[in-house]
Every structure is written in C-alpha cells, then in structure tokens.
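Subject: Structure for your review

Dear colleague,

I am handing over the structure below, and I would be grateful if you could look through it alongside the notes that follow.

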Amino acid sequence: MLGIHHFDIIVVGGGHAGCEAAHAAARMGAHTLLLTQNLDTLGQMSCNPAIGGLGKGQLVREIDALGGLMGLLADRAGIHFRILNRSKGPAVHGPRAQMDKQDYRRETRSALDSCPNLTLRQGEALRLIVEGGKVCGVLTDWGYACHASAVILTTGTFLRGLAHIGERTFPAGRLCDPPSMTLSDSLRDLGLEMSRLKTGTPPRLDGRSIDWSRLEPQPGEDPPVPFSFMTKTIDRPKIVCHIAFTNEKTHHHILSNLDRAPLYSGQIKGIGPRYCPSIEDKVVRFKERDRHQIFLEPEGWRTDEIYPNGISTSLPIDVQLEMIHSMEGLENAIIIRPGYAIEYDMVDPTQLRDSLAVKGIPGLYLAGQINGTTGYEEAAGQGLIAGIQAFRYHRNLPPVHFDRSESYLGVMIDDLVTKGVDEPYRMFTSRAEFRLLLRSDNADRRLTPLGHSIGLVDPQRWSHFQKKQDTLHKTRELLRATRIHAAETGLTNGRDRKSAWDWLRGEEMKAEEIFKRVDLLNQSDEIRDALSTEATYEGYLTRQQEDVERFRKAESVILPENFDWMAVPGLSTELRQKWMKIKPRTLGQAYRVPGATPASISVLMIHLKMYPIAISQDHS
C-alpha cells in the first residue's frame, strides 16, 4: 500500500451528482476529495446535450437557489434556450437549454479547479473501507487508502456496467469507458439490496451529411431566460435545432428486427425508463402511431455532431443505419457513434434516510443513478443534498430536512426513500402535490434563505437576493396602493375604482398596461412576471398554502425510532413489512408508503398512543 491519505469527505464519481456533492461540501468548509476514473470527463454529458425540461428545469433552479453549480454552468455553456409549456400556467413552465458539451465540461472543470478545500484525483475506488460498522474511506486502484468521516458514492451507470449493441455486449460504464466491477461487492457485503436498471442513448450523426433544407427549424427564444438567478443576460451565440420524423418504413425496419433487439431478445435484464423509452419500445407500444417526432440537437459550436433526441436504441448498427436512412432529410446521414443500451447496478433507495445516508451504516451516502434515478438534473440535485448532509454529519450537525411542500428536491428524495423505484425515476411536475407553490420562478424565495443559513450561499448571492426581495415588497405595495378608475380603462361602465393589484388579478386589462399606468415599465421582467403570477393566482395560492399546513401537521408527528411495526394489529402483513423496511420518519411519510390507506393510518395512530410521540418540527 502506498499510504493513507486523510480527508473530511470523499466523493466517488465525477458526473453531475459527484461534481455538485464535492463542490457543496468543499465550499461549506470540508477538506474534500473528488475521486474519479477520468478527470477529463468531469461533468460529461453522456447522453443528451441539454439541461432542464418539465420538472427538471425546476430542479435546476432549486440547485441554483441553494448555491449549487448546474444553473450557472448551463448559462455559460448554453446555445439554445426555451421555456417549455409557456402557453400553460406558470406552475408547469419548464426552462430547458441545449448545451455546447465541450463548454459545459470545460466550465465544470474550471469551477472545481477554483473551488477552495477541494482536491481532484484520478483513480478508481475498488472497495469501501469499513471499521466498526462505519464506512470511513475507500481503497483505490493506485494502492493507497483514503480515509474520511463520510463517503458519498455517485457512480452513475458504472457499477458493473454492461453495454449492448445488437447481439454484442461488453463491459462499460459508458461507451469507451471501463465499468467499476468491484465496488458493488462492497455494497452487497454491507447487506444492501441491489438490482439492475437499464438506460440508453441514440446514435450520433454527422451534421454535414444531413439535408437541413427538408427539416423543420426550431429556433430558441430571444432573449433567452437564464437558469441562474445570478445571470443577468446570456450573450453567447445561439443555434437552431430541427425536427424530423420517423415513418412507416422506419417502423418496418425496427419491427422486422426485434429478434435482434437486446430489449426484446431477453439479452437485457434490467428495467428501462418508461417515460424515455427506446425507439423500438415506442414503435411496439404505440403501434397506432404512424410517426414519432425526432429533435436534431447540435452538440456544440465546434462540432458537426448531432444528437437525434427520440431514437434511443440498442439495435444492431446495420439496423440503426436503415432506420436513420428511412427518414426524410436523413437519407444520407452518417452515424458517428452508434446508439447503445447500458445495464448497471443500483441500490434500493428505501434503504436510505431522507438525508441520503444509508440506514444503519454511518458515514455512507448515495446520490444519483445509484439510487435509481435517470437524468443529469435528478443526479445533480441528489449530489447537492448529499454534499450538504455529509458535511453536517462530519461537523456533528443534524441533517437538513427538505420538505416536499417546499421543493422538488424534497419531492424527489421523499419519493425515492418512501416508495422506492421499479424503473428509472424521472422528475415531472405531476409528482408534486403543491406545484403551484413550487414554480421555477420562485425557487430562490423558497430556498436561498436556507442555503444562506447552512453556509452554501455566498455573500454576493445573498446580497442580490435581499435586494430582489426588497424590490418585490416595494413594488407589490405600490401596486396595492395605486388606484385605477375603470373609466380610464375604457373596458367598463366607469363605476369601478380598484387597486392596480386587483386589476392585475383579473383579466380585463393586460398586465403590461397596468404596469404602464403605475409607471413600472422600467422594472425588470423578472419582478413584473413574479408579481403578475402572484396576483393572478392569489386565491389558488392561498388555498394551496392551507393544504400545505394540513400536510405539515402529519409531517410534524415524529415516529419512534424503535417502533415495532409488526405489532400493529389489524393490518396486512405486506404493509407492515413495508413499514418495517422503510421505517417512516413521520406519520405523513408512513401514509405515502405504497399500500397505506386512510384506514390503515387510523389504525396506526390508535396504536401509536402507547408510545411517547414527539410533535415536533425537528427532523434530525
């Protein structure tokens, strides 16, 4: 052995979860090691060259509001910005942007290189070091041991990764990168339940071989809306995406080769994402559809490589070529890299606390795809939370609780640790009961004070936030105090006289006209949009806040650590076994375990009267 190296926190893996975890822990003051197989692929976008989307965009805004990296990096590397669902209500608006993949990776490395207290080191974690039932480090392939108070595993698709292209299989964490073959054994030795998941990616095309004149252009929004609350404007040059479509000939090539498709031949055992299926899965499941939409997304300014979003596949390469060449505009398209599927090990997330710490194994935290999620944004959000919680564990501080009524981060983590996963988990706005309160535009108002209180939000961001809050308050009061007579509008019989705020709540007058009458046209779009949303949905927001208060009453009932779940009478053995495994922390969490009903919760509450129940907001 080459020796022992000491750190406060060790992060294994340099993907989006690992980068956020290491950045957060180091900025909060922990001497942190980020250990990854290849330092040149920090922040690598292994699949689509995009950040954000429906539900995912909200996660990015929340990461940014807490002082995380992803929003800032996306603004610096973005080349095509859009707000999805803009025609619908603000609760489901989803910021999304195409990235220049090289720039995103470069910006990630720069941010980590300049981060105080952070050490970057290339190498593979072969196994965990466990002493006295506590994880206290990792053994590397270089022959040295690294010790720390806490270890965060963010292994992505690398745990015993197996790639599939047609009948061919080969070990890989992603194409051309070796998997981690021994770390899974450490987790199994600790008694963790593990299973296999599957994900995939489409072939990449040479843009010079595509007939763009026959495809529908899709420009981005101008001016673009940034992800980060700290970004004033985005001055980078923008690109245009294009839309193509599959057709009956495409579907024929796929269906006639299903016997060679690993997904249908039995070659792939892992479960894939239902909401982001492969093209072969879409064609089989939706036979009534004669075409599927494909988004052709450039991977950057300095490359002609194109990502055809919507045709993820593990079909043989010859079938991939036939499939591509059957589409209009792609008849002569050249495949630069083949599409492939990858299977990998994951840990059942119901074995985690909502701090992402493994139950019963002090010092071990898991974040990202190892917990059964899919997507850069879900991984980054978990990484940020794991970094925060590991730092607090190192400092003997209680974990921070992220409530599902306060953030999509809280929704995601509660879903994972309470319900588990039977397929790769992807964030959607529909997963949040209180999504009108959890909008992308107010993430800073919900989370930046928390980020400041735990030491992750820097003084510059905090000052910016306070100024914004002051402006919102003063502008809101001005709108409430300014009266506008109906006669001035020309829209009524002239008898009504009400505040600009009340006019903003209605539909009689456009918001721009109201702001003009109150002399607020020089106010920023961010402030005006925030107040317009607040006024328009004031009644709904009040009712949803009442729902939140009822939710919090159930969340305030803290369940005993030593509670005997199997002793609860009158309930199915299956439900009691689920509760015993998950060990819900609160009454509300017990209700969200699959199989729980109002009747079962009533029985549980009666039985709980025999225990000293703490009614508290202390979630440590």
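I begin with Glu555, which lies in helix H18 (residues 538-555), where helices (H or I, at least four residues) and strands (E, at least two) are DSSP runs numbered from the N terminus. Glu555 is buried, with a relative accessible area of 3%; here buried means under 20% relative accessible area, exposed over 50%, and partly exposed in between, with a 1.4 Å probe and protein chains only. A polar atom of the Glu555 side chain lies 3.5 Å from the backbone nitrogen of Gln589.

Before going further, please note that this is a predicted model, in which local features need pLDDT of at least 70 and side-chain atom pairs count only at pLDDT 80 or more, while totals for chains, interfaces and linings use all residues. Residues are numbered from 1 along each chain as its sequence is written, and side-chain values use heavy atoms, with hydrogens and water left out.

Salt bridges

A salt bridge is taken as a side-chain nitrogen of Lys or Arg within 4 Å of a carboxyl oxygen of Asp or Glu, and by this rule the count comes to 51. One of them joins the side chains of Asp414 and Arg592, at 2.5 Å from N to O. That pair links distant parts of the chain, with Asp414 in helix H11 (residues 408-419) and Arg592 in helix H20 (residues 587-592), 178 residues apart. Asp414 counts as buried at 8% relative accessibility, and Arg592 counts as buried at 15%.

Another salt bridge is formed by Asp444 with Lys468, whose closest N and O atoms are 2.7 Å apart. This pair, too, links distant parts of the chain, since Asp444 is in helix H12 (residues 443-453) and Lys468 is in helix H13 (residues 459-481), 24 residues apart. Asp444 is buried, with a relative accessible area of 3%, and Lys468 is buried at 7%.

Glu574 counts as exposed at 54% relative accessibility, whereas Lys578 counts as partly exposed at 29%. Salt bridges that share partners also join Arg404, Asp414, Asp415, Lys419, Glu433, Glu555 and Arg592 into one network.

Cysteines

With a disulfide taken as a pair of cysteine sulfur atoms within 2.5 Å, the count comes to zero. The sulfur of Cys19 is 11 Å from the closest cysteine sulfur, in Cys115, and so is too far for a bond; Cys19 is buried at a relative accessible area of 3%. For Cys146 the closest cysteine sulfur is in Cys136, 12 Å away and again too far for a bond, and Cys146 is buried at 0%.

Strands around S9

Six of the seven residues of strand S9 (residues 134-140) are buried, so S9 is largely enclosed by the rest of the structure. Two strands are said to pair if DSSP finds at least two bridges between them, and strand S8 (residues 125-131) is joined to S9 by six bridges in an antiparallel arrangement. S8 and S9 form a hairpin with two residues between them, and Gly132 in the turn has a positive phi of about 60 degrees. S9 also pairs with strand S10 (residues 144-147), in the antiparallel sense and over three bridges, with Gly137 standing opposite His147 in S10.

With best regards

Note on methods:
A polar contact is a pair of N or O atoms within 3.5 Å; within protein, one must be able to donate a hydrogen and the other to accept it, and residues adjacent in sequence count only if both atoms are side-chain atoms.
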